[in-house]
Amino acid sequence: MDRFYSPSAFVFYGLFGFLVLASLVARWLIRSGRVGGPTAQNLADRIRAWWVMIGVLALIFTLGAGAITLFFALCSMAALREFATITHTRRDDHDGLAIAFYLILPLQYLLVYFEVPVFAALLIPVYSFLLLPVVTVFKGEVQGFLTRVSETQWGLMVCVYCVSHIPAILTLDIPGYRYSAFTLVAWLILVVQASDVLQYVWGKSIGRHLLAPRVSPSKTVEGLAGGMLSATALGMALTPITPFLWWEAGLIALTVTGFGTLGGLIMSAIKRDRGVKDWGTLVQGHGGILDRLDSLVFSAPVFLHILAWGWM
């Protein structure tokens, strides 16, 4: 029962309250005719998707570290599938992809869950980096070899290695911190995802100057500044549930939202290079799993390292 009264639980209660308010406002906007057509449908789809995503996250947080680790392992599998779908692969690459999906991915999460940090840190950037080219080279297809191997390795780094840093936060034991690491995972996800949403809101409201029009046509300088500063203020407001001082919470929130923005831009550049708008269609109104994880893949490793080096 204590989990229902933990700081992370109250974070989710607040999110559900916000979603109730957002649903009521969206219904009023649509019924009053202030929002209509494709925009209204997109707004409704996004809010429904957020209900599902927040509900799933709340459920797995009540089930413990094993459920959270398994959840993000499944997210990594879905994200890696999306990544592999739009990259250059041939039949001769299937053995390497099979090893990535069915050996490296589960092994990475097992190492995280059983708290084997040295091998978890080295498995993908070192051992997989050496193994995958060997598997591919014996297939005999040399055309596009470097590109194909690099894309598989990039997919593993982004979709598996970086994402696995989220449940890895649960393995940290921070001296003097009175709450569990579950609360820090909730803080990270809330601040980074809030930055994404608020950048969209600020951009639609006051956005005038495009940040990187060829990469992300809808992202504006004003939206970036407004979203990051608003999410930083949110992170500072949640200081009591963190081991940080208020100014530390602000600096860390600004750092993780900054890296989250960079992650989103880089993943958008890959999509533009491949001529697709979204990574997939799994999450209605939001694209694919990787469209939701793109900001966390850069911010989660940075946040883990800040905690490990600064508070342990």
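Q: Hello! Which helix does Phe119 lie in?

A: Helices (H or I, at least four residues) and strands (E, at least two) are DSSP runs, numbered from the N terminus. Phe119 belongs to helix H5, which covers residues 117-137. This is a predicted model, where local features need pLDDT of at least 70, side-chain atom pairs count only at pLDDT 80 or more, and totals for chains, interfaces and linings use all residues. Residues are numbered from 1 along each chain as its sequence is written, and side-chain values use heavy atoms, with hydrogens and water left out.

Q: Is Phe119 buried, partly exposed or exposed?

A: Buried means under 20% relative accessible area, exposed means over 50%, and partly exposed is in between (1.4 Å probe, protein chains only). With a relative accessible area of 46%, Phe119 is partly exposed.

Q: Which residues form a nonpolar patch on the surface?

A: Patches are made of residues with over 30% relative accessible area and no salt bridge; like charges are joined within 9 Å, and nonpolar side chains (Val, Leu, Ile, Met, Phe, Trp, Tyr) within 5 Å. Here the patch is formed by Val118, Phe119, Leu122, Val126, Tyr127, Phe129 and Leu130. Together they have about 660 Å² of accessible area, a value from the Shrake-Rupley method with a 1.4 Å probe, in which only the protein chains shown count as cover for residues.

Q: Which residues does UniProt list for "transmembrane region"?

A: The unreviewed UniProt entry lists residues 12-30, 50-75, 96-114, 120-142, 154-172, 184-202 and 251-270 under that name. UniProt positions are given in the numbering used here, feature names are shortened, and annotations may be inferred rather than shown by experiment. You can look at such stretches in the model: over residues 50-75 the chain is 96% helix and 0% strand, with the end C-alpha atoms 16 Å apart. Over residues 154-172, the chain is 68% helix and 0% strand, and the end C-alpha atoms are 27 Å apart.

Q: Where does Ser164 lie, and which residues is Ser164 in contact with, leaving aside its neighbours within four places in sequence?

A: Ser164 sits in the loop between helix H6 (145-162) and helix H7 (165-168). Its relative accessibility is 1%, so Ser164 counts as buried. Contact means heavy atoms within 4.5 Å. Leaving aside neighbours within four places in sequence, Ser164 has contacts with Gln108, Tyr109 and Val112.

Q: How is the case of Ala249 read, in terms of being buried or exposed?

A: Ala249 is in helix H10 (residues 246-274) and is buried, with a relative accessible area of 0%. Setting aside neighbours within four places in sequence, Ala249 is in contact with Trp187, Gly235, Met236, Thr239 and Phe244.

Q: How many salt bridges does a search of the whole structure find?

A: A salt bridge is a side-chain nitrogen of Lys or Arg within 4 Å of a carboxyl oxygen of Asp or Glu. The search finds six.

Q: What about Lys139 and Asp95: how far from N to O is their salt bridge?

A: Their side chains meet at 3.1 Å, N to O. Lys139 lies in the loop between H5 and H6 and Asp95 in helix H4, so the pair ties together parts that are 44 residues apart in sequence. Lys139 is partly exposed at 36% relative accessible area, and Asp95 is partly exposed at 38%.

Q: Which residues are linked in a network of salt bridges?

A: The network links Glu151, Asp273 and Arg274. Within it, the closest N and O atoms of Arg274 and Glu151 are 2.3 Å apart. Arg274 is in helix H10 and Glu151 in helix H6, 123 residues apart. Arg274 counts as partly exposed, at 22% relative accessibility, whereas Glu151 counts as buried, at 12%.

Q: Which backbone nitrogen lies 2.8 Å from a polar atom of the side chain of Asp291?

A: A polar contact is a pair of N or O atoms within 3.5 Å; within protein, one must be able to donate a hydrogen and the other to accept it, and residues adjacent in sequence count only if both atoms are side-chain atoms. The answer is the backbone nitrogen of Trp279. The backbone nitrogen of Gly288 lies 2.7 Å from a polar atom of the Asp291 side chain. Asp291 itself is in helix H11 (residues 289-293) and is buried, with a relative accessible area of 6%.
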